Amino acid sequence: MTTQPRKPRSAGMQYLIDAGPASLCYFAAVIVSALVTKQMEPGLLRLLVAALPLPAILWMAWAELRRLRKRDELRQRIELEAMTVAFAMSFGLVITLTFLDMNGAIDVPITIAGLLMAVCWGGAQMWVRMRYHYWWSETEKEQEP
Amino acid sequence: MNNRMRELRGDRGWSQAELAERLGVSRQTVNAIETGKYDPSLPLAFTIGRLFGLSIESIFAPEA
């Protein structure tokens, strides 16, 4: 009996396999934690339930790292550069907003920090990928011989 | 860093995707090397040299 060569999975399907379970677990933990903590009295148990998404976040980070290690070297370099730029940008912005908030110049909720980090990461990815002409789309015009 | 990747690939009639598959990298990586936007690591440079049957210094040269 001969076996057919396995068709390579699409990038989207591979991402779902690699990071899907961790992401699902994270979203479930966030929803459960948000709903349950509202109905709990302050105390240690409430703190533990509020920290419920933390293991899922660590699982997501591990899944992303494992995924990145399988990528080619240019993609690894892009991710590293983007993360460095994004960290510097978001850290600077959060510190600036914190000082402005402490001095009463503006009133900034702490929840904005996560959004800022995500926006900085997205912007850094765009900037670094533009530098290396490394687009998400696989339909980019190919240089034939 | 200057390189002869495009010329060598053209001689063999390979597309960027074909060369990328032989090297085990993405097509974008081959494109970035050919356009001089990215210099490959030493292991990848050795793989490129082995694939084309040439030494690294005959493919890659520092910019004058």
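User: How do H4(A) and H5(A) sit relative to each other, and what angle do their axes cross at?
Analyst: In this predicted model, the axes of H4(A) and H5(A) come within 8 Å and cross at roughly 140°. H4(A) and H5(A) are therefore oblique to each other.

User: Left-handed or right-handed crossing?
Analyst: Right-handed, as H4(A) passes H5(A).

User: Which residues meet there?
Analyst: On the H4(A) side they include Leu74(A), Ile78(A), Val85(A), Met89(A) and Leu93(A). Among those they meet in H5(A) are Leu116(A), Met117(A), Trp121(A), Trp127(A) and Tyr132(A). By class, the contact of H4(A) with H5(A) has 17 nonpolar, 2 polar and 2 charged residues.

User: Nice. What comes after H5(A)? Where does His133(A) belong?
Analyst: His133(A) lies in the segment after H5 of chain A. Its backbone is worth a look: His133(A) has a positive phi of about 55° although it is not a glycine. For context, most residues other than glycine have a negative phi.

User: And why is His133(A) classed as partly exposed?
Analyst: His133(A) has 13 other C-beta atoms within 10 Å, so it is partly exposed. A residue needs 20 or more to be buried, and 12 or fewer to be exposed.

User: Let's switch to the other helix pair. At what angle do H1(A) and H3(A) cross?
Analyst: The axes of H1(A), residues 11–38, and H3(A), residues 53–69, cross at roughly 165° and come within 8 Å. H1(A) and H3(A) are therefore roughly antiparallel to each other. The crossing of H1(A) past H3(A) is left-handed.

User: What does each helix bring to that contact?
Analyst: H1(A) brings Asp18(A), Ala19(A), Ala22(A), Ser23(A), Cys25(A), Tyr26(A), Ala29(A), Val30(A) and Ser33(A). They meet residues of H3(A) including Pro53(A), Ile57(A), Trp59(A), Met60(A) and Arg67(A). By class, the contact of H1(A) with H3(A) has 12 nonpolar, 2 polar and 3 charged residues.

User: How far apart are Leu68(A) and Gly43(A)?
Analyst: They are 25 residues apart in sequence, and their C-alpha atoms are 39 Å apart in space.

User: Zooming out, what is the secondary structure of chain A?
Analyst: Chain A comes to 5 helices and 0 strands, which reads along the sequence as α-α-α-α-α. Of its 145 residues, 7% are buried. Among contacts in chain A with a separation of 6 or more, 65% are between residues 24 or more positions apart.

User: And chain B, how many helices and strands?
Analyst: Chain B has 5 helices and 2 strands, in the order β-α-α-α-α-α-β. The radius of gyration of chain B is 11 Å, close to the 11 Å that the globule rule gives for 64 residues, so chain B is as compact as a globular protein of that length. Its C-alpha atoms fill a box of roughly 30 × 25 × 20 Å along the principal axes.

User: What share of chain B counts as buried?
Analyst: Of the 64 residues of chain B, 27% count as buried. For contacts in chain B with a separation of 6 or more, 48% come from residues 24 or more positions apart.

User: How about H3(B), how many of its residues are buried?
Analyst: H3(B), residues 27–34, is mostly covered, with 7 of its 8 residues buried. Among them are Arg27(B), Gln28(B), Val30(B), Asn31(B) and Ile33(B).

User: What do those buried residues pack against?
Analyst: They pack against H4 and H5 of chain A, together with strand S1, helix H1 and helix H2 of chain B. After H3(B) comes Gly36(B), with a positive phi near 75°.

User: Last one: how many residues does each chain put into the contact between A and B?
Analyst: Chain A contributes 11 residues and chain B contributes 19. On the chain A side, H4(A), residues 73–102, gives the largest share, 3 residues. By class, that side has 4 nonpolar, 2 polar and 5 charged residues.

Notes:
Residues numbered from 1 in each chain as written. Chains lettered and ligands numbered in written order. Predicted model: local features only at pLDDT ≥ 70, side-chain atom pairs only at ≥ 80, totals over all residues. Axes fitted to C-alpha atoms, helices over the stretch in contact; angles between N-to-C directions. Helix = DSSP H or I, 4+ residues; strand = E, 2+ residues; numbered from the N terminus. Parallel < 35°, antiparallel > 145°, perpendicular 65-115°, else oblique. Left-handed = near helix turned anticlockwise from the far one by under 90°. Contact = placed C-beta atoms within 7 Å. Nonpolar A, V, L, I, M, F, W, Y, C, P; charged D, E, K, R; others polar. Rg over C-alpha atoms; globule rule 2.2 N^0.38 Å.
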